[in-house]
Structures are given as C-alpha cells and as structure tokens.
Amino acid sequence: MGLSWMAWTWETATFFGVIALLLAGMTLWEIKQPGGAPRHGVLGLDTTRGDRLFISLLGSAFIHLGWLALAAGPLWWALGLSLVYSVLVFRYV
Amino acid sequence: MEKTLNNKAWFMVLPVLFIVALNAIVPLMTVVNYSVQDTFGNNVFFFEGTRWFTEVLHSGRFHASLQRQFLFTFTILVIEIPLGVAIALTMPRRGFWASVCLVLMALPLLIPWNVVGAMWNIYALPDIGLLGYGLNWLGFNYDYTQQPTAAWFTVILMDVWHWTSLVVLLAYAGLRSIDDNYYRAAQIDGASRWAVFRHIQLPKMKHVLTIAILLRFMDSFMIYTEPFVLTGGGPGNATTVLSIDLVKAALGEFNLGVAAAMSIIYFLMTLLVCWLFYTIIMQGEKE
Amino acid sequence: MRLHRWLVPTLYIIFLMLPIYWLLNMSFKTTNEILGGFSWFPANFTIASYVKILTDPTWYNGYINSIIYVGLNTVISVSFALPAAYAFSRYRFLGDKHLFFWLLTNRMAPPAVFALPFLQLYSALGLFDSHLAVALAHCLFNIPLAVWILEGFISGVPREIDETAYLDGYSFPRFFTKIFMPLIGSGIGVTAFFCFMFSWVELLLAKTLTSVEAKPIAAVMTRTASTSGYELGLLAAAGVLTIIPGAIVIYFVRNYIAKGFAMGRV
C-alpha cells in the first residue's frame, strides 16, 4: 500500500513531528522527574503537566484560528503569542 | 480505594490504542494534509498554506451554517432535557409497566438514522403523511418542503422524537438509585412535590444529567444523516447544518481543501466543548 | 394525581409510536395507494412488499451484510475493550487520564469529517467493500464507548476478589476468563447492546466503505429509491424490517438498560 493518498507535505509532517516530540519529551520528563499530584491553579482547575500541555495546545490552535479570522499579517505572530500563552499556562494554571 | 501504580497496564491498553489510532489518527493527519493543499484529482496536490482556513473563517456560508448549528443544538437541548426529566419523573418506577415503557421508549434509538429520516420525510408530507395532513386539517398552513420555518419545526420535532428517550433513560437510571426511605421520610415531613424534586431527585440526577447534556450536545453537533434525508438541507439552505455543508463541500463540490479546513475548525470546537464538559464532570465527581 | 401521572408517559409513547405506525401502515399498502391519498388503514391489505424483500437477494443480502458487520464489530469492540477497561479501572499508569480522554474524544468525532480519508485508508489496506472494513471503522466510536461502559461495571466489582484469586494461585488469563468475566456478565451484555445499537444505526461510514459485496440494507434502500422511482411501499416494508432486530435486542436487555446507563455512564 502506498501512502501517496495521505498527501504529506513538509509543513504538516513537521507539525506532527513537533507534536510527537512534545509528547515523547513530556513522557521522558515525567519518568525522570515525576510531576506529582495535580496543582490547583488560577482557573480553579486541578491540573497535571499533561493537562497543561493539552490546554496550551488547544489554546494555541484557537489563537492561530483567531489570528487568521481577525488579524492580517504573518502567522508567526500568532505562533509567538501561543508560546507566550503556553508559558503562562505552564506557570500559573 | 487507591489504584495501584502499574505501568505494565499499558500492554492491556495497547490493542485498543492501535485500533483506535488507525481509525482516528491516520484520517485526522490526512485531513490536516488536505487542509493546506489544493487538488484537481489524481492525487496531484499543490501547497496553499493557510489559504483555506482564512477563506473558511471569512466565509458567510460557513458562519451561516455554524449559526444554524448552534441554534439547532441549543433548541433541542432546551426541549429535550426538561421533557426527558419530566417523563422520567412521571413514568412507573418499577414493575411490568416500567419495562413496557422502557422497551417502547428505547425503540426510536435503534432505528437506522436514514430510516428515521425517510420515515419522517413521508410522515410530515402535507398530502399523504399523518403529521402534515393533521396539521393542515387543524388549520395550519404547513408544508416543510417549501417553508423554511416548517422545515425547522420538522427537523427539531424529529430530533425530539428520536433522542428524548436517551435523556429519559439516563434520568430514569439516576432516579432508580434513590432509596425508597428518602421518599418515605419526605412524606412524613409533609414535603411538597417540588421540595422532593428540588432536594432529593435533582441532586441524584445531577451527574447523569451532565452526561445527558454532554451526549446530546455532541451528537446534535455532528448530526448529518437524519436532516439530510429529511430535507436535504433545504428548502434553500434553511436546514443546512455544519455536517451537511461539510459533506456538500467535500463530495458534492470536491473542494477537498475547504472541506478539510472546515473539518479541522469543527473538530477543534467539538474538542474544546468536550474537554470543558469532561473537566466539569470530573471535578463534580471529586466533590 | 394518579391519572395525571399516567398522562405524560402515555402521551409521550403515543407521540413515539405514531410515525412507526405510519410506516407500518404504508408497508401494507401498494405504492399507488400510498401516493393516492391520505388514509388511516390500508384499503387493499397486501404483503407483497415483504414477500419481494424476503425473496429478492439484492434486498435480503443487505440485511445479512448489515448483521454480519454489526456482529463482527460488537465482538471486536467488546473483546478489545475488556482488558483496556480492566487496566483503566484497576491501575494508575503514565498518561492514563489523557489516554482515556483521548479515547472519549473519538466518540465525539463527527463521522462526516472522516468519511473521505476512511475511504482512502481502507482502500489502501485492501479492505474496501468488505464487512471487516465497516466493522473496523465503527470501532472508532464503539471501542471508546465500550471501554467507558465496561470501566464503570468493573469498578463496581470489589478489588479484594482479584487479590484473593491471585493468592489462590490463579494466573491472570485464567482469573480473567474463569472468575472475572462471569462476574461482570451483565455489564458485557449491556456493552454489547450499545455497540450493536450504534453500529446498526450508523450509515454514513457503512455506505462510504462499501459498494456491492458488503452493502448495508440502509444503502440498498437509498439506491432503490433513485433507480426505480419511489417504490414507497417497498421502502416502508424495508424500514419496518430494520426496526425488528433492534426491537428483539431491546427486549432481551430491557432490565439492564437503565442499569447500563447509570453504571456505564454512556
């Protein structure tokens, strides 16, 4: 069976590669240095590291969509914004 | 009861993981790939970047079907949840008649979705269907194939017919878990019907009701077959909800890129709501 | 008060039964009579539509195909989900909660989104137009559901039972099949019911993944509608026949349905 029907591009392959690396990295981090019990953050939610990664990723997706919908200009700005957002999530949520 | 830590449990989950990943991740990756490219068939693709996303996010057509989708989901939740609770409260609690009620009520849940659509398609026709004929006989001018309002009414009535039983079953299951002694105590205290509902029955149903709302939200958000068979999205675009629009774009117009971009936006919204509900349920269970 | 209590469920059941009655009514009429006008009962009672369906292979093969892939899917879903549900219920492991949530999101994935990639995936696997393809595709939403329901039932079994069995020298597979599965028998029944139900009613994927050999009954119905004009009597009879397997299954699990919903958090 070929994979041509999946229509891979370098851009999307990189995207999924980064996600896979993030997951692998989080697993290694958890094995080396367990994150322990969930933390009660500013949103009133009990979150572990994995939850925070999920919140960061989902939020980033919406930041990118919002950027495309409302703002003009290169998408790198949205990426930057997402990184800031993720750092905040990991720090405070 | 504390669960024991055992990372070998992963091996028991692996088969499930494999089969679901095959079904979920491979197609999802393909959709993402499609969403950044254009094609004229024959597996020839051109990279387009985020063009489709920008197009979809600014398209009036997408906004319109999204709005219709939210209107639809909101309406059926407002009707089905209270109705389902009311029926569960009034139906017999146990014994022969409870079984009869359960079997009859579960029946619509087991009818293939296109049969549901086809059934209502004829049932609501003004000349030969019971519902359409009856409404016109009562003096309403009703023809769902021509009037957008009538089409909306029919689609919503069909969904209420199809899915209220799910809410009934869930609420009934919640009510069954209440011990009879509670009712006896309430009777001795001379509690009103409302007080019994407010302080005994509602708290017991809270958990199952959250699940009911979650399930009804998700299922109505991805509804496709029934309204498609019933009205085909018409008259005009009056009942074109998200999924119908999506399939139209993908298979009807072969706009793979647009359809894929729509899919992803759609999927992200479902994921967000799903996560919110799940978090609420889990936090509720902890308390 | 008494009468009042009966009123709401009775009215609701009448509301549920009317469309089904109408379908039944039409299935005993000829197409001409249906199109001829409104009538409460068939004037010329005929079972010709049923005879046609039960004797014409293109029709009854549709039923057989549907039942084969639904059965296959139920078996796959339950047997794959059992060990996973046990693991989720008894152990903590790295990423367990996220895995569970990810499984659930698939229950929420709109099939419309996946229809086209599914077609290509199963064509690439060489499974297009086979019962197995539909059975595997329906695992997308049925396995998460099965894991969810079974996890609820398994958590209801006290953990001491597992520990006693291990102390008595049972190996895990023997303990699981000899002691544990009989204990959660009703849970397995309820799970199988829900898998059957969701696989039976789904059409979009089943239709996309098949063309001739494994064509489900629901797809046979839509094709007949377009090729031979509207054979309404025939369609109504076919519709009635699709309700029957569901009705039989509900009858068998009627006492467990409510329990399944409550415990399994469908």
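**Reading the contacts of chain C**

Mentor: In this predicted model, 93 residues of chain C are in contact with 94 residues of chain B, contact meaning heavy atoms within 4.5 Å. Local features need pLDDT of at least 70 and side-chain atom pairs pLDDT 80 or more, while totals for chains, interfaces and linings use all residues. Residues are numbered from 1 along each chain, chains are lettered from A in the order in which they are written, and side-chain values use heavy atoms, without hydrogens and water.

Trainee: How much area do chain C and chain B bury between them?

Mentor: Buried area is the accessible area (1.4 Å probe) that two parts lose on being put together, summed over both. For chain C and chain B that is about 8,700 Å², with 79% on carbon and sulfur atoms. C:Tyr12, C:Arg92 and C:Met108 supply 8% of the area that chain C buries there, more than any other three residues.

Trainee: How many salt bridges and polar contacts are there between chain C and chain B?

Mentor: A salt bridge is a side-chain nitrogen of Lys or Arg within 4 Å of a carboxyl oxygen of Asp or Glu; across this interface the rule finds zero. A polar contact is a pair of N or O atoms within 3.5 Å; within protein, one must be able to donate a hydrogen and the other to accept it, and residues adjacent in sequence count only if both atoms are side-chain atoms. Chain C and chain B have nine residue pairs in polar contact, both residues at pLDDT 80 or more.

Trainee: Which element gives the largest share of the side of chain C that touches chain B?

Mentor: Helices (H or I, at least four residues) and strands (E, at least two) are DSSP runs, numbered from the N terminus. Here H1(C) gives the largest share, 15 residues.

Trainee: Where are the domains of chain C?

Mentor: Domain bounds come from an automatic or database domain assignment. Chain C has domain 1 (1–46) and domain 2 (51–264). Nine residues from each domain take part in their contact. The two domains bury about 650 Å² between them, carbon and sulfur atoms giving 81%. In domain 1 of chain C, C:Leu23, C:Ser27 and C:Thr31 lose the most area to domain 2, together 58% of what that side buries.
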